[in-house]
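Subject: Handover of a structure and notes on its helices

Dear colleague,

Please find below the structure that I am passing on to you. My notes on it follow.

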Amino acid sequence: MDIPSKFRIHETEHWLVNHRMNAVLPGYLMVGSKVGTNALYDLPTEALASLGPLLAKAQREIETLLRPRRVYIGRFGHSPGHPIHFHIIPVYDWVEALFWKDERYRVLASFGQPAGEVGTDGAELTFFIWREFCEAPNPPPVTGPSVSDVVETMRAAF
């Protein structure tokens, strides 16, 4: 996948770090393999060895510079043409507040058996972020820096 330079943050021999192109949520990063595989076991040993430190650096910079409540890191995706990649998703207090205000997402509580935990979980918030901040034609208002400001800040940090 060709990532425009305005979204590119950092590049290593094996990985590209960029802001998710269709996300208006500041700090939603992607770490994608330069090898055209969708399986960890197909990556070179050097790529695997450098992945952990790269994800850790990305998480540290997001937490330090943007101060979200949480940072989720996940491996998703199965679309043809996309190499293995990881989503690094900041969850800000204001994002969680918007989640609780949107009654449409209360239906999620009707699925499964809650384990006695109060609140929501990462799956529900990730779903909310994807639908509202990446796919919605009219996303909610964003608090904090713009995506372009975050890209510049992250470039400097890396």
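In which kind of crossing, left-handed or right-handed, does α1 pass α4? The crossing of α1 past α4 is right-handed. Please bear in mind throughout that the model is a predicted one.

The pair α1 and α4

For α1 and α4 the angle is about 125°, and the axes are 11 Å apart. The two helices are therefore oblique to each other. On the α1 side, the residues that meet α4 are Lys57, Glu61, Ile62, Leu65 and Leu66. Their counterparts in α4 are Val150, Thr153, Met154 and Ala157. Sorted by class, the residues of this contact comprise six nonpolar, one polar and two charged.

Helix α4 spans residues 147–157, and its buried residues are Val147, Val150, Val151 and Met154. Why do they lie on the same side of α4? They do so because they cover an arc of only 100° around the axis.

Apart from neighbours within four places in sequence, Leu65 is in contact with Thr153, Met154 and Ala157. Leu65 and Ser79 are 14 residues apart along the chain, and 31 Å separates their C-alpha atoms.

The segment before β1

Phe7 is found in the segment before β1. Is Phe7 buried or exposed? With a relative accessible area of 11%, Phe7 is buried, since the cut-off for that class is under 20%. Once neighbours within four places in sequence are set aside, the contacts of Phe7 are Val17, Asn18, His19, Arg20, Met21, Val151 and Arg155. Phe7 and Ser148 are 141 residues apart along the chain, yet their C-alpha atoms are separated by 7.8 Å.

Arg67 belongs to the loop between α1 and β4 (70–75). Arg67 is not a glycine, but its phi is positive, at about 55°. The relative accessible area of Arg67 is 63%, so this residue is exposed.

The pair α2 and α3

How do α2 and α3 lie relative to each other? Their axes come within 10 Å and cross at roughly 90°. The two helices are therefore roughly perpendicular to each other. From α2, the contact involves Trp94, Val95, Glu96, Leu98 and Phe99. From α3, it involves Glu124, Leu125, Phe128, Ile129 and Phe133. By class, the contact of α2 with α3 has eight nonpolar and two charged residues, and no polar ones.

Two further residues complete this part of the account. Glu103 is placed in the loop between α2 (93–101) and α3 (122–135). Its relative accessibility is 57%, so Glu103 counts as exposed. Between Glu103 and Leu125 there are 14 Å in space, C-alpha to C-alpha, and the two are 22 residues apart in sequence. Glu135, for its part, lies in helix α3 and is partly exposed, with a relative accessible area of 43%. The C-alpha atoms of Glu135 and Ala123 are separated by 17 Å, the two residues being twelve apart along the chain.

With kind regards

Note on methods
Residues are numbered from 1 along each chain as its sequence is written. This is a predicted model: local features need pLDDT of at least 70, side-chain atom pairs count only at pLDDT 80 or more; totals for chains, interfaces and linings use all residues. Side-chain values use heavy atoms; hydrogens and water are left out. Buried means under 20% relative accessible area, exposed over 50%, partly exposed in between (1.4 Å probe, protein chains only). Helices (H or I, at least four residues) and strands (E, at least two) are DSSP runs, numbered from the N terminus. The arc is that of the directions from the helix axis to the C-beta atoms. Axes are lines fitted to C-alpha atoms, for helices over the stretch in contact, and angles run from 0 to 180 degrees between N-to-C directions. Angles under 35 degrees count as roughly parallel, over 145 as roughly antiparallel, 65 to 115 as roughly perpendicular and the rest as oblique. A crossing is left-handed if the near helix is turned anticlockwise from the far one by less than a right angle, and right-handed if clockwise. Contact means heavy atoms within 4.5 Å. Ala, Val, Leu, Ile, Met, Phe, Trp, Tyr, Cys and Pro count as nonpolar, Asp, Glu, Lys and Arg as charged, and the others, Gly among them, as polar.
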